[in-house]
Amino acid sequence: MAIVTFWNDCREQSGRTLTTVAVATRMAIERNSKVLLISTSFADTTMENCFWGEANNKNLIFGEAGIDGNVAVESGIEGLCKLIASNKLTPSIITDYTKVIFKGRLEVISGFSELKIKALQNNIEELRTIEESYVELIRVASQYYDIVIVDLDKRVTPKVQENILKISNVNVYVLSQRLESVNRYKELKAKNQNLFKTMCIPVIGKYMDKYKYNSKNIARYLGEKKELDVVPFNLLYMEAADEVKV
């Protein structure tokens, strides 16, 4: 089945995660497809805040929360990585480790959570082990779900990023309307063609039409044949993303 990865190499906020969430949620609502949304982030609660929030972790179907509200080590992505390490991961078992948003339509695997309660230096080895497991997790998940949508954190090691982009059917590069972001995309595409071998669609996140660098001008500047796709900036959506109301 299809694997779609949202990524970028922007130094500033581009709205990548919120763009990923918006597309995955709308697709699950409008299409009769089973969608899995995977976050590769760590120490970032953006996706959780969209759907269930840290305060509601005790309701996760894949594990019990600890006394401080964090999900146990054996749950979520950490538990799946242990299955991968022991060669016990099967397509149908993945759903036991997800957060169900719409039954039969949308499930979510959030990023590495242990950095919230431990110092970074004590978790870096575990983090790298988890990163290396993402490729296999995504590959196996695509055998069970109709669409696997990946929010690829730019802090993931370059090699793992490249491997995830390679196995994806479509890669969506999310850029902002800042000239620095546009130039970064242009430079990256020119210098590293390997990252763009798969169909790559540039999309503008948090888009505002009444701005000098609109989709038409950016497309012209980049030499694209058609106007860039956009995810409009919507104040109600931004508020919902902070209040578990997406």
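## Ground rule and overview

A residue counts as buried when its relative accessible area is under 20%, and as exposed when that value is over 50%. That cut-off is used throughout this report on a predicted model.

The protein has eight helices and eight strands. Buried residues account for 50% of its 246 residues.

Strands of a sheet pair through backbone hydrogen bonds, either parallel or antiparallel. Strand 6 (residues 170-175) and strand 7 (residues 199-207) run parallel, joined by six bridges. Within this pair, V172 stands opposite I201 of strand 7.

The length of helix 6 fits expectation: at 1.5 Å a residue, its 13 residues should span 18 Å, and the end C-alpha atoms are 18 Å apart.

Four residues of helix 6 to look at are S181, V182, Y185 and L188, which are buried. Viewed down the helix axis, the buried residues fall within an arc of 130°, so they line one face of helix 6. These buried residues pack against strand 1, strand 6, strand 7 and helix 7 (215-222). On the other side of helix 6, A190 and K191 are exposed.

## N8, a buried loop residue

N8 sits in the loop between strand 1 (2-7) and helix 1 (16-30). Is N8 buried or exposed? The relative accessible area of N8 is 2%, so N8 is buried, the limit being under 20%.

What does the side chain of N8 meet through polar contacts? One partner is the side chain of S14, at 2.6 Å. Another is the backbone oxygen of V174, which lies 2.9 Å from a polar atom of the N8 side chain. Leaving aside residues up to four places away in sequence, N8 touches S14, R16, K154, Y173 and V174.

Most residues other than glycine have a negative phi. Which residues have a positive phi here without being glycine? N87 is one of them, with phi near 60°. V244 is another, with a positive phi of about 60°.

N87 is found in the loop between helix 3 (76-85) and strand 3. At 72% relative accessibility, N87 is exposed, because the cut-off for exposed is over 50%. V244 lies in the segment after helix 8 (235-242). The relative accessible area of V244 is 33%, so V244 counts as partly exposed.

How values were computed
Residues numbered from 1 in each chain as written. Predicted model: local features only at pLDDT ≥ 70, side-chain atom pairs only at ≥ 80, totals over all residues. Heavy atoms only, no water. Helix = DSSP H or I, 4+ residues; strand = E, 2+ residues; numbered from the N terminus. Buried < 20%, exposed > 50% of the residue type's maximum accessible area, 1.4 Å probe, protein only. Polar contact = N/O pair within 3.5 Å; in protein donor to acceptor, adjacent residues only side chain to side chain. Contact = heavy atoms within 4.5 Å. Pairing = 2+ DSSP bridges. Expected span 1.5 Å × (residues − 1). Arc of directions from axis to C-beta.
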